Amino acid sequence: MKAKVILFTLLIIVLNSCKTYIVPPENFKNQLSKVENQQQKTIYKAYDLDNLVVYDSKGNATILPNSPAIEMRVTQKNGKKNAFFFDTVFIENDTLKGEKSRILGLMNHVPFDQIAKIEVKEGLKTHYQRSDKFKVLKIDEKVERIKEDLGEFTEILNFPIDSIAISSSHSQNKHYAVANFKQSKTEVAFIFYKNNNNLIRILTREKSPINEEVSYINSFYVENNTIFYEKNFVTTNETKGSIKKDYAFYQFNKALEARVLKGVSLEIYKELEKMIN
């Protein structure tokens with residue numbers, strides 16, 4: 001009897017996790033077209049959405065976080081049905097396109113004006129789809145789209161963090177700051193990337209005092225104002241090397257290693273936000 005109860009509970013969980021939602025076709029198109037930084041506004045990608053607003057059978061709206069686990073089915077006006085993996089879907093020249101097979105890379109193409117209904121459901125997630133590496137990939141995609149946005153340069157003379165002098169520039173999606181650590185006589189550049197006004201990545205760069213072509217880079221990935229993942233490496237204009245092998249040789253400041261810069265970078269970001277807002 002106990003085993004039956006457990007099996008029934010598991011069945012309910014699985015059914016709930018696969019609940020099907022509806023998105024009206026024009027509503028779906030509008031959600032994709034409003035994503036920031038869509039290239040040239042001619043191709044609208046579902047992958048770039050952070051969340052999708054969907055509706056249950058009673059018309060109640062729900063926010064569904066974007067992930068590779070979302071499956072999508074389109075019903076055409078002639079009754080034909082087409083399946084898609086949601087994160088591969090895009091609209092180009094008024095045609096909905098996307099993969100129906102990840103392994104074979106097979107595509108479906110449906111004229112958008114022939115779509116009668118769009119249904120989505122969240123399937124079972126794999127470990128990769130829940131992992132930090134997937135979130136890092138999503139953040140990197142967003143950062144690539146805003147790297148060229150430099151903003152107007154503004155110098156800040158009196159910065160409230162002791163022994164650090166800051167100059168900065170900012171724009172809607174990016175802050176750039178150069179910090180001079182007076183006591184250690186070290187200069188570190190910080191780039192803060194934002195998406196929908198939320199901090200998503202911090203990059204720090206310290207140039208080697210013996211070779212300006214070589215830099216020590218930290219890339220901190222942020223979710224809910226907390227750093228959840230990091231990459232650290234020594235790099236030149238052409239290559240990446242091992243920190244253990246190159247860090248000491250290029251005489252980078254040991255007092256400003258990654259664990260220290262994590263806290264410093266978040267404090268600098270907070271102060272920049274205060275000054276801008």
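User: What makes E230 and K262 a salt bridge?

Analyst: Their closest N and O atoms are 2.5 Å apart. A salt bridge needs a side-chain nitrogen of Lys or Arg within 4 Å of a carboxyl oxygen of Asp or Glu, so the pair qualifies. Do keep in mind that this is a predicted model, where local features need pLDDT of at least 70 and side-chain atom pairs count only at pLDDT 80 or more, while totals for chains, interfaces and linings use all residues. Residues are numbered from 1 along each chain as its sequence is written, and side-chain values use heavy atoms, leaving out hydrogens and water.

User: How do you know that E230 and K262 link distant parts of the chain?

Analyst: E230 sits in strand β17 (residues 226–235) and K262 in helix α6 (residues 258–276), 32 residues apart. Helices (H or I, at least four residues) and strands (E, at least two) are DSSP runs, numbered from the N terminus.

User: Why is E230 called partly exposed?

Analyst: Its relative accessible area is 26%. Buried means under 20%, exposed means over 50%, and partly exposed is in between, using a 1.4 Å probe and protein chains only. E230 therefore counts as partly exposed. K262, with 27%, is partly exposed too.

User: What about K97 and E92: buried or partly exposed?

Analyst: K97 has a relative accessible area of 18%, so K97 is buried. E92 has 23% and is therefore partly exposed. These two residues also form a salt bridge, with their closest N and O atoms 3.1 Å apart.

User: Why does the salt bridge of E71 and K121 tie together parts that are apart in sequence?

Analyst: The closest N and O atoms of E71 and K121 are 4.0 Å apart. E71 lies in strand β5 (residues 70–76) and K121 in strand β10 (residues 115–122), so the pair joins parts that are 50 residues apart in sequence. E71 is partly exposed at 33% relative accessibility, and K121 is partly exposed at 31%.

User: How many salt bridges does the structure hold, and which residues do shared partners join into one network?

Analyst: The structure holds 10 salt bridges. Salt bridges that share partners join R73, K117 and E119 into one network.

User: Why is T204 called buried, and what does it touch?

Analyst: T204, in strand β15 (residues 198–207), has a relative accessible area of 1%, so T204 is buried. Contact means heavy atoms within 4.5 Å. Not counting residues up to four places away in sequence, T204 touches V188, A189, F190, Y216, I217, N218, F220 and L261.
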